[in-house]
Amino acid sequence: MPKNETTFDFPADLLDAQVALHQARHASEEYARTLPWSAEPMTGWETDKQLHSSYRSSKADSPGYTDEQRAEVARLRAEVLRLSEVVSTHPFWATLDTSVVVSARMRLKRAHEPAAATEA
């Protein structure tokens, strides 16, 4: 870590909430990759050939999301929102001088990474 950067003594519950937030976002993104491209049933499409290219962008028909998929998307989004609120409204932030809150929040996002990764 460069010598001019401040270190922060984050409380364990804040660190745990941040890790849980990372995990919830990851789970949500991974689940989204398994879903059809449209939440509603939609007809596929293909673009016209572009000048100086033979590439045509296209999408196959989308069946839309099932009720189970909609429920899982809603559950995952709600968990990400809940954890975001826990992290952003934690009482720890009120203990800091306002001039360092942004750098502390940025540091918290990387606090779970090995020391070598945060120093780079």
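The structure is a predicted model, in which local features need pLDDT of at least 70 and side-chain atom pairs count only at pLDDT 80 or more, while totals for chains, interfaces and linings use all residues. Residues are numbered from 1 along each chain as its sequence is written, and side-chain values use heavy atoms, with hydrogens and water left out.

**The chain as a whole**

The secondary structure of the protein chain comes to four helices and two strands, where helices (H or I, at least four residues) and strands (E, at least two) are DSSP runs, numbered from the N terminus. Along the sequence these elements follow the pattern α-β-β-α-α-α. The protein chain has a radius of gyration of 21 Å, whereas a compact globule of 120 residues would have one near 14 Å; the radius is taken over C-alpha atoms, and the globule rule is 2.2 Å times the number of residues to the power 0.38. The C-alpha trace spans about 55 × 40 × 25 Å along its principal axes.

Of the 120 residues in the protein chain, 21% are buried, a term that means under 20% relative accessible area, with exposed meaning over 50% and partly exposed in between (1.4 Å probe, protein chains only). Among contacts (heavy atoms within 4.5 Å) with a separation of 6 or more, 65% join residues 24 or more positions apart.

**Helix H3 and its cover**

Helix H3 covers residues 101–110, and Val101, Ala104 and Leu108 are buried in this helix. Seen down the axis of H3, these buried residues fall within an arc of 60°, so they line one face of the helix; the arc is that of the directions from the helix axis to the C-beta atoms. An α-helix has 3.6 residues a turn, so residues three or four places apart point the same way. What covers the buried residues of H3 includes helix H1 (12–33) and helix H2 (67–88).

Ser38 lies in the loop between H1 and strand E1 (45–46), while Leu83 is found in helix H2. The table lists the relative accessible area of each residue and the residues that it touches, not counting those up to four places away in sequence.

| Residue | Relative accessible area | Touches |
|---|---|---|
| Ser38 | 8% | Ser62, Gly64 and Tyr65 |
| Leu83 | 5% | Ala17, Ala20, Leu21 and Ala24 |

Both Ser38 and Leu83 are buried. The C-alpha atoms of Leu83 and Lys109, which are 26 residues apart along the chain, are separated by 13 Å.
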